[in-house]
Amino acid sequence: MIEKMKFLSLTAPKTEFDRVVDSYLSKYEIHLENALSELRSVKDLRPFVETNPYREEWKLANDLVQNLPAQSTPVRELSLEEAVDAVRSIRQTLAQLNDREAELEKQLETYTASYEQVAPFTQLNYDISSILHFRCIKFRFGRISLEYFEKFQSFVYDAVDTILFKCREDEEYVWLVYFTPAPCADKVDAIYASMHFERLFLPDDYEGTPKEAAQLLEEKIAGIKADLESIRKERQSVLESRREELTGAAERLNRYTRNFDVRKLAACTNHDDNTFFILCGWMTARDAAAFQKESESDKDLFLILEPDHNDILSKPPTKMRNPGIFRPFEMFIQMYGLPDYNEIDPTILVAITYSVFFGFMFGDMGQGLCLLIGGFLLYRAKKMNLAAIISCCGFFSTIFGFLFGSIFGFEDIIDAAWLRPGEAMTTLPFIGRLNTVFVIAVALGMGIIILTMILNIINSIRAHDPEKTWFDTNGAAGLVFYAAMASVIVLFMTGHPLPAGIVLAVMFGIPLLLMFFKEPLTALVEKKAAAIEGGKGMFVVQGFFELFEVLLSYFSNTISFVRVGAFAVSHAAMMEVVLMLAGYESGSASSVNWLVVVLGNVFVCGMEGLIVGIQVLRLEYYELFSRFYRGTGRAFKPYGRSSKAN
């Protein structure tokens with residue numbers, strides 16, 4: 001079912017905007033429309049343009065709340081001023097901590113870089129400051145690749161005036177210090193450079209050996225890391241101690257920002273020396289009545305409910321409201337397209353037909369109970385709509401399994417309360433012997449098609465579409481023709497006498513003529529000039545082939561329901577194969593391979609259940625929806641309670 005909608009507009013002084021939105025619109029679901037677009041007839045309207053002054057505080061509050069560990073916390077109710085003051089106070093406290101943290105991180109970076117320079121030379125047991133102040137001896141700290149170091153030692157070292165001290169070695173590099181007399185420095189440096197020597201520079205602000213300098217740097221680094229950890233704990237402590245205040249401020253600022261964004265949809269107008277705002281949108285009839293009653297005592301608020309939807313530019317949004325047992329099937333409707341506001345909500349029809357078709361095609365008490373219980377438990381745990389649909393389908397599968405006398409494929413445990421799909425046969429005139437479930441499926445399909453034609457007529461009347469109401473293949477003309485054809489077939493197959501030839505000619509001929517001339521007849525009803533494109537000859541030829549296609553579609557759409565019976569028969573046949581493979585036909589329970597029985601049931605339940613589910617959905621979309629359902633509605637997207645939930 002579709003909720004009845006009311007279009008309303010509310011006006012109040014501009015200074016009352018936040019109070020009105022916070023006090024009223026947050027309580028009720030309202031689908032807001034752009035006031036400037038809706039109220040084009042109102043003069044001197046202009047956009048409501050303002051900048052959120054608390055956007056920075058709002059963003060900071062939400063960022064801080066997200067960084068808090070998740071736990072149930074009561075939300076403190078704060079005014080807007082209290083919320084802003086709280087966020088600014090917390091920001092000031094955190095800013096001081098952030099400044100200290102930034103300074104320490106800078107020091108940590110400096111000390112870490114110094115440590116990385118000194119650490120490779122800790123094996124050099126000599127005072128760094130003494131080396132750095134040599135006058136007659138030049139020194140170089142650096143590293144060289146292991147490959148070139150070996151070549152240097154083998155072919156060059158003995159021929160060069162240098163002393164080399166190796167400090168560290170890994171898989172790629174050797175860290176070393178070499179000394180050379182000052183007069184030879186340029187030559188020796190060039191030789192080392194040719195060996196790809198990478199020079200490193202040690203800081204000169206440390207005394208003692210490289211090892212002692214490295215230890216000192218490690219202590220400083222550890223101290224800074226401890227201070228940083230202390231600052232992080234202090235920051236977290238600040239947030240935890242003010243958790244309630246912070247969450248309350250975030251909630252209040254979220255509400256304010258949400259309300260502030262409503263300004264984009266509002267319009268302003270001047271009256272005397274005062275400025276007023278106007279908001280408009282759609283509410284359910286129940287919420288609109290409650291809102292109107294609550295706002296009666298508010299002298300600053302003026303509320304108007306528009307009684308006639310024809311005067312509104314935008315069409316009403318669609319909000320479906322179905323009983324809880326049918327609500328999961330709204331998923332299928334939303335997949336196809338929401339119903340228009342004036343259209344029939346097909347949810348209940350889909351829920352019933354989908355479940356019955358599935359049960360008919362998948363009739364097995366045991367497997368049906370598994371689907372029923374499994375779907376129910378999954379829905380209770382995960383709230384999945386598909387799980388609820390599976391549970392409903394399992395319920396009807398259980399019922400049809402009882403009617404067919406089938407439990408996990410075994411058909412000799414209980415008697416069939418109705419028939420067995422693989423055995424029941426019916427003799428029909430002209431056709432001969434035919435499986436009974438095929439006949440039932442086709443008869444069921446004819447009934448469903450007639451029902452959808454009636455629904456199409458109702459939808460077309462609501463949409464003020466005379467062509468689809470009277471002359472369409474699914475309108476009144478199509479209904480009379482198809483119902484007459486179905487009646488004649490049923491009478492013939494059951495051996496009853498047929499109506500007189502004149503009656504049949506009228507019942508078949510007049511609807512076909514109406515469908516043939518639907519375009520000029522529609523123009524006549526709408527009092528428009530009939531435009532026949534291509535001339536009368538082309539109109540007749542085109543109409544003939546279109547009528548032939550209509551007759552063919554009636555036949556193919558009806559026969560399409562045979563699949564309902566076919567799957568019922570194939571399900572029984574597949575389970576018969578499973579029992580045959582398990583050795584059940586031998587007659588001895590001890591010789592039955594129960595593992596094959598279990599795995600076979602799991603396979604059939606999973607594979608055929610999926611196929612049947614898809615085939616039934618195809619029937620719903622192509623055989624039912626294509627006849628009466630348009631799905632051109634737009635969703636009801638409310639500001640207020642639902643927007644908070646989202």
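Start with strand β6, residues 173-181, which is mostly covered: seven of its nine residues are buried. Please keep in mind that this is a predicted model.

Which strands pair with β6? One is β4, residues 137-145, which runs antiparallel to β6 and is joined to it by nine bridges. If you want a place to look, find I144; its bridge partner in β6 is V174. The other is β5, residues 163-169, which pairs with β6 over six bridges, again in the antiparallel sense. Here you can look at F165, which stands opposite V177 in β6. Between β5 and β6 the chain makes a hairpin, and three residues form the link.

Now to the nonpolar cores. How many residues does the largest one have? The count is 58, and the residues with the most contacts inside this core are F332, Y354, M515, F561, V564 and F625. Helix α22, residues 594-628, gives the most to this core, namely nine residues.

Take F561 as an example. Leaving out residues up to four places away in sequence, F561 touches F357, A441, G445, I448, I449, L619, E623 and L624.

As general background, nonpolar side chains in soluble globular proteins tend to be buried together.

That is what I have for today.

Technical notes
Residues numbered from 1 in each chain as written. Predicted model: local features only at pLDDT ≥ 70, side-chain atom pairs only at ≥ 80, totals over all residues. Heavy atoms only, no water. Buried < 20%, exposed > 50% of the residue type's maximum accessible area, 1.4 Å probe, protein only. Helix = DSSP H or I, 4+ residues; strand = E, 2+ residues; numbered from the N terminus. Pairing = 2+ DSSP bridges. Core = buried A, V, L, I, M, F, W, Y, C linked by side-chain atoms within 4.5 Å. Contact = heavy atoms within 4.5 Å.
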